[in-house]
Amino acid sequence: MSNANTTVVNMVVNGQKVTGSVPDRKLLCDFLREDLVLTGTHVGCEQGVCGACTVLIDNRPARSCLMFAVQADGRTITTIEGISSPDGSLHPVQRAFHENHALQCGFCTPGFVINSIAYLEQRDTSEPLSEDEVREHLSGSVCRCTGYTNIVRAVVQAAAEVDGQRAEGGGE
Ligand code: FES
Ligand code: FES
């Protein structure tokens, strides 16, 4: 339903049904941060370059600064707040970032974690993950602090655990 310049949107965010009335030109990242108070989705460049605003939309990574909230109507969205288990235990990628000191200021971290999870959950696991492969996949995200080395190490470490979980789940 819409009137003048606002539209009612419905979506599932981190497993919860949400409804909002949004200006037609409101960005998805701003809807998540301002209306839903999910401020773990960070906004850096607002032009699709840095990757800090990455969320999963129907299980695929997308830059929420490049979408209007109305374009997410009817979709399923996962933000960094929805990545850990309900009991609070961290996702293997989050744990690997912690163990490998893969963050400093943390501004880029939600985007890197979301992007890495999406990658590890869909990649071809017939070959072990190489650091070069991780660097290539994450080349669309920017970190101003770490020099990337520990981020790459963290993703390689997490891959072993995620691969094991996928194998147990039927090799998807
Ligand atoms: S804020 Fe979206 S890509 Fe930088
Ligand atoms: S840890 Fe500071 S921008 Fe990446």
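**Close-up views of a predicted model**

**View 1. Helix 2 against helix 3.** Helix 2 (residues 92-99) packs on helix 3 (residues 109-122) at an angle of about 130°, and their axes lie 9 Å apart. Axes are lines fitted to C-alpha atoms, for helices over the stretch in contact, and angles run from 0 to 180 degrees between N-to-C directions. Helices (H or I, at least four residues) and strands (E, at least two) are DSSP runs, numbered from the N terminus. This is a predicted model: local features need pLDDT of at least 70, side-chain atom pairs count only at pLDDT 80 or more, and totals for chains, interfaces and linings use all residues, while side-chain values use heavy atoms, with hydrogens and water left out. Residues are numbered from 1 along each chain as its sequence is written, and chains are lettered from A and ligands numbered from 1 in the order in which they are written.

Helix 2 and helix 3 are therefore oblique to each other. Angles under 35 degrees count as roughly parallel, over 145 as roughly antiparallel, 65 to 115 as roughly perpendicular and the rest as oblique. Helix 2 passes helix 3 in a right-handed crossing. A crossing is right-handed if the near helix is turned clockwise from the far one by less than a right angle, and left-handed if anticlockwise. Helix 2 supplies Val-93, Gln-94 and Phe-97 to the contact (heavy atoms within 4.5 Å); helix 3 supplies Thr-109, Phe-112, Val-113, Ser-116, Ile-117 and Leu-120. By class, the contact of helix 2 with helix 3 has six nonpolar, three polar and no charged residues. Ala, Val, Leu, Ile, Met, Phe, Trp, Tyr, Cys and Pro count as nonpolar, Asp, Glu, Lys and Arg as charged, and the others, Gly among them, as polar.

**View 2. Helix 2 against helix 5.** The axes of helix 2 and helix 5 (residues 149-168) come within 8 Å and cross at roughly 145°. This crossing of helix 2 and helix 5 is right-handed. From helix 2, Pro-92, Val-93, Arg-95, Ala-96, Phe-97 and Glu-99 take part; they meet Ile-151, Ala-154, Val-155, Gln-157, Ala-158, Glu-161, Val-162 and Gln-165 in helix 5. Sorted by class, the contact of helix 2 with helix 5 has nine nonpolar, two polar and three charged residues.

**View 3. The buried residues of helix 2.** Pro-92, Val-93, Gln-94, Ala-96 and Phe-97 are the buried residues of helix 2. Buried means under 20% relative accessible area, exposed over 50%, partly exposed in between (1.4 Å probe, protein chains only). Their cover includes helix 3 and helix 5. Just after helix 2, His-101 has a positive phi of about 50°.

**View 4. Val-155 in helix 5.** Val-155 lies in helix 5. At 1% relative accessibility, Val-155 counts as buried. Leaving aside residues up to four places away in sequence, Val-155 touches Phe-97, Ser-116, Leu-120, Leu-129, Val-134 and Leu-138. Val-155 and Asn-100 are 55 residues apart along the chain, with their C-alpha atoms separated by 9.4 Å.

**View 5. Strand 2 and its partners.** Strand 2 and strand 3 (residues 16-23) run antiparallel, joined by eight bridges. Two strands pair if DSSP finds at least two bridges between them. Val-13 stands opposite Gln-16 in strand 3, and opposite Ile-77 in strand 6. Strand 2 pairs with strand 6 (residues 76-78) in the parallel sense over two bridges.
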